[in-house]
Amino acid sequence: MPHDMKQASPGLQPASQAGEHDADTAARPERSDWTIDQGWKNYTAQDHAVWKTLFERQTQLLLGRACDQFVDGMQHLPITAAQIPDFEALSDALMQRTGWQVVAVPGLVPDAVFFEHLANRRFPAGNFIRDPKNLDYLEEPDVFHDVFGHVPMLMNPVIADYIQAYGAGGLRAQSLGVLDKLARVYWYTVEFGLVRQPQGLRIYGAGIASSRTESVFALDDASPHRIGFALERVMRTRYRIDDFQETYFVIGAFDELLELASIDFGPVYQDVIGAPEFEPSEIRVDDHVLSRGTGAYHRGKRGVSAAS
């Protein structure tokens, strides 16, 4: 499977899986908020070597691909290829810039716990790292995805406010039974979002930034669509958790996300509840299409010829 990760974050499964994860998903910790000690001293030389391999490979690959804000965040964090970062040191840097901190969790956590952390500017990060035999695939987010992919963007005040607002909104969406709609907004922005910058399209989504293969596919491949972000359109669009995305939604500037953080989603939910949903590969008449994809990659995976 070329896609690096089956699931990028808790609370982001399709509608049929949008409820809380039970205790079987990860060992239930003693603390009610599911946080644990990072256990930095317990990392082995092999663990640090895996981090080094992933870090060096991905930082090289993201040259000219990652957005300016990601690069700036990385430059101002205590994060290097030498070793897995210490969450306390990361939190010190984040607190000074945007008031966030990184807290360790054992893996996927219940949705309500996830949203509560985000609403209080705590980013839950897995404290484990993938096996060296599986560098390009994992079932759930590890420390490389969570720290390398997400934390640099939390140094940006707009993204910091946006993700906090998402946490608060997630608690509300859960109570209203529309979590699947909001989850799609997170998926197509925080995890798999692209942004237009003077140099061209750039990556800001963590699911792309932490993926060796998708960071190339998202920008360079002719297969996926790249469409201007529109809130209701995104809420009605399904996504892929098992492979590359078929559509990437593109914002023109991060101020667009700041606007999302300040609007009342209630009326939007009313508009999309019961409305037809869109497949990940669809193009709509009113879409702002930046580039229409060929669909060749996913068509090939399905064994469908271009003429069919």
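Two strands pair if DSSP finds at least two bridges between them; helices (H or I, at least four residues) and strands (E, at least two) are DSSP runs, numbered from the N terminus. On this basis, Val 105 stands opposite Gly 126 in strand 2. The model is predicted: local features need pLDDT of at least 70, side-chain atom pairs count only at pLDDT 80 or more, and totals for chains, interfaces and linings use all residues. Residues are numbered from 1 along each chain as its sequence is written, and side-chain values use heavy atoms, with hydrogens and water left out.

**Overall composition**

- The chain contains 13 helices and seven strands.
- Of its 308 residues, 55% are buried, where buried means under 20% relative accessible area, exposed over 50% and partly exposed in between (1.4 Å probe, protein chains only).
- Contact means heavy atoms within 4.5 Å; among contacts between residues at least 6 apart in sequence, 73% join residues at least 24 apart.

**Strands and sheet**

- Strand 1 (residues 101-105) and strand 2 run parallel and are joined by five bridges.
- Strand 2 (residues 122-126) has four of its five residues buried, so it is largely enclosed by the rest of the structure.
- Five strands form an open sheet in the order 4-3-6-5-7, with mixed pairing.
- Strand 4 (200-203) and strand 7 (289-291) stand at the edges of this sheet; each has a single partner strand, so one side of each lacks a neighbour in the sheet.
- From one strand to the next, the twist averages 40°, with axes taken as lines fitted to C-alpha atoms, for helices over the stretch in contact, and angles running from 0 to 180 degrees between N-to-C directions.
- Strand 3 (residues 194-197) runs antiparallel to strand 4, and four bridges join the two; Arg 196 has Leu 201 in strand 4 as its bridge partner.

**Nonpolar core**

- A nonpolar core is a set of buried Ala, Val, Leu, Ile, Met, Phe, Trp, Tyr and Cys residues joined through side-chain atoms within 4.5 Å.
- The largest such core has 86 residues, and Trp 51, Phe 70 and Phe 254 have the most contacts inside it.
- Helix 7 (residues 179-191) gives the most to this core, contributing eight residues.
- Beyond residues up to four places away in sequence, Phe 254 touches Cys 67, Gln 69, Met 153, Val 158, Ile 159, Val 195, Gln 197 and Tyr 204.

**Packing of helix 1 and helix 5**

- The axes of helix 1 (residues 45-61) and helix 5 (residues 143-154) come within 11 Å and cross at roughly 35°.
- This crossing of helix 1 and helix 5 is right-handed; a crossing is left-handed if the near helix is turned anticlockwise from the far one by less than a right angle, and right-handed if clockwise.
- In helix 1, Trp 51, Leu 54, Phe 55, Gln 58 and Thr 59 meet Val 143, Phe 144, Val 147 and Phe 148 of helix 5.

**Two buried residues in helices**

- His 150 lies in helix 5 and counts as buried at 4% relative accessibility.
- Not counting residues up to four places away in sequence, His 150 touches Phe 123, His 145, Tyr 186, Val 190, Glu 191 and Ala 206.
- Ile 163 is found in helix 6 (residues 157-176) and counts as buried at 3% relative accessibility.
- Apart from neighbours within four places in sequence, Ile 163 is in contact with Trp 100, Leu 118, Leu 154 and Val 190.
- Ile 163 and Ala 261 are 98 residues apart in sequence and 8.2 Å apart in space, C-alpha to C-alpha.
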